[in-house]
Amino acid sequence: MSEALVQLQRVTVQFDDRPVVDQVTLQASRGDIITIIGPNGAGKTTLIKTILGIQKASQGRVSLAPGLTIGYVPQHLTLEATLPLSVRRFMLLSGQSLTDCRAALKRTGVDHLLDASVHHLSGGEKQRLLLARALARKPDLLVLDEPAQGVDINGQAALYELIRELRDELHCAVIMISHDLHLVMAATDKVICLNQHVCCSGYPADISHDPAFIETFGHQVAESLAVYHHRHNHSHDLHGDVVDTKGTQGACNHEHH
Amino acid sequence: MSIIDAVLGDFFWRALIGGLGVALVAGPLGCFVVWRRLAYFGDTLAHSALLGIALSFLISVPLNLAVIITCVVIALALVLLSRTRVLATDTLLGILAHSALAIGLVALSFMPDVRVDLTGLLFGDLLAMNRQDLLWIYGGAAFVLTLLAILWRGLLMSTIHEELARVEGIPVERLRLALMLMFSLVIAVAMKIVGVLLITALLVIPAATARRLAKNPEHMVGLAVVFGFVAVAGGLSLSWHLDTPAGPSVVVTAFVSFLLVYSLARKPA
């Protein structure tokens, strides 16, 4: 096991004496994909902002490996319409060379948009642009806040697959927040279920049997996830089409539209 | 030497040269006002300039310096007060803007031996510009433009996405302070041109006009400077030929070019 890039020890964040993140301990090493799930208001975004250093911890310790480069993909790219901005200019503002920027755009599949205005991009294109921007910095740690927001269901699977591939290429750690439980369960190494405190954590296949998980998300969700995880027998290409891997059975039990 | 003297000896040319100097810095800063939605904030700083003027008479500090310091103090107070979240920022701005203006006016009325041209302060006195004013304007412009050039990437990035900028190690808070310092400086020098009540117009209108035609941020800044030039030159000609007040004429010209561009140009990228 390699050395931890990020380590949180009993981190608490309080707003007006109310703990939003309560005594969270976690660690991420190179190659890890950790997904934080939890109900609304569980403190997921606050937790990753604490990791990023945007939010100060009230108690506990956040330690990052020295010289760590973080690539951050925020929840939305809300842009002021009064600020004209092309994809090229937005990428170059990362301080990286045009070659690196183009390579990153190509990797996330949006290099054809180089000279487009960022104001004209679709939700999915914006997410890929943000991912490319994080990528151009060659991060050791990739932090994503609901990366699949505004992306249609087919694109979501492709996006999570891409994140997994990037983890392998960059040999970085990935920490992300997600609501897409089905996709998370299929694409993640480790899941942390947050509800202010860490209510359970572990591997996807195990966690869906955890009483704390069932209590948080209910029986139905837990059961459907367990089933889903075991029947995952296909993958998607970048356009979201189902690509058969070995021995297709056609038992595709989530929706493709 | 004699040519320079001939030009600077003429009040019309002094006004034009001074006005163009202000437009040069009002362009880029005006873009930040538009991008960061600081129009009302700019108004508040401009209003508090009057308080600065009153203070300069009270404790006999150079006028420009007193205005800059007052603006910086009000700007810092705004940042601190808005962090407490007791009141919404626009309410705070409304309170501070008009209180500062009112306190300034009341304080001036207590100094009967000080004769100030109130109309000039409120609406500008472009044609009364002297050589020392020109020095202030071009010195201030050189300082602000140099600072902007050095801080450009960080300022732009923290305007586009503050959190992303923070994660990338850009000192967002310090840049915010630098921007406020620049606003204060520009308000102190622009006051002479259009007066405290119309400064925001000189910042916002050329930048908003430029937005319609611009494809990237730097392009917008360049165009904002051009529209600022047009406003100053046009306003002064108007004032010269029709004997209208110079400051308001500058703003009217800016507004007319805004209307023209928005009715003629297609929707931008």
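## Starting at B:Leu24

B:Leu24 sits in helix α2 (residues 11–35) of chain B; helices here are DSSP runs of H or I with at least four residues, numbered from the N terminus. This is a predicted model, where local features need pLDDT of at least 70, side-chain atom pairs count only at pLDDT 80 or more, and totals for chains, interfaces and linings use all residues. Residues are numbered from 1 along each chain as its sequence is written, with chains lettered from A and ligands numbered from 1 in the order in which they are written.

Leaving out residues up to four places away in sequence, B:Leu24 touches B:Ala141 and B:Val225; a contact means C-beta atoms, placed from the backbone, within 7 Å. Back along the chain, B:Asp10 is 14 residues from B:Leu24, and their C-alpha atoms are 21 Å apart.

## The nonpolar core

The largest nonpolar core has 158 residues. Such a core is a set of buried Ala, Val, Leu, Ile, Met, Phe, Trp, Tyr and Cys residues joined through C-beta atoms within 7 Å. Touching the most other members are A:Val143, B:Ala49, B:Val186, B:Ile187, B:Ala190, B:Ile199 and B:Leu202. Helix α9 (residues 172–194) of chain B supplies the largest share, 13 residues.

What does B:Ile187 contact beyond its neighbours within four places in sequence? The list is B:Leu45, B:Ala46, B:Ala49, B:Val67, B:Cys71 and B:Ile199.

## Helix pairs in chain B

Two packed helices are described by the angle between their axes and the distance between the axes. Axes are lines fitted to C-alpha atoms, for helices over the stretch in contact, and angles run from 0 to 180 degrees between N-to-C directions. Take helix α7 (residues 131–160) of chain B and α9(B): they pack at about 155°, axes 10 Å apart. That makes α7(B) roughly antiparallel to α9(B), given that angles under 35 degrees count as roughly parallel, over 145 as roughly antiparallel, 65 to 115 as roughly perpendicular and the rest as oblique. The crossing of α7(B) and α9(B) is left-handed, the label used when the near helix is turned anticlockwise from the far one by less than a right angle (right-handed if clockwise). Their contact has 14 nonpolar, three polar and two charged residues. Ala, Val, Leu, Ile, Met, Phe, Trp, Tyr, Cys and Pro count as nonpolar, Asp, Glu, Lys and Arg as charged, and the others, Gly among them, as polar.

Next up, helix α4 (residues 63–84) and helix α5 (residues 89–109) of chain B pack at about 150°, with axes 10 Å apart, and are therefore roughly antiparallel. α4(B) passes α5(B) in a right-handed crossing. On the α4(B) side are B:Ile74, B:Leu78, B:Leu81 and B:Ser82, meeting B:Thr89, B:Leu92, B:Leu96 and B:Ala100 in α5(B). By class, that contact splits into six nonpolar, two polar and no charged residues.

Helix α10 (residues 199–211) and helix α11 (residues 217–242) of chain B have axes 8 Å apart at about 125°, which makes α10(B) oblique to α11(B). α10(B) passes α11(B) in a right-handed crossing. Eight nonpolar, two polar and one charged residue make up this contact.

## Between the chains

How many residues does each chain put into the contact? Chain A gives 17 and chain B gives 20. The side of chain A that touches chain B divides into 11 nonpolar, four polar and two charged residues.

Terms used. A residue is buried if 20 or more other C-beta atoms lie within 10 Å of its own, exposed if 12 or fewer, and partly exposed in between; C-beta atoms are placed from the backbone. Helices (H or I, at least four residues) and strands (E, at least two) are DSSP runs, numbered from the N terminus. Two residues are in contact if their C-beta atoms, placed from the backbone, lie within 7 Å.
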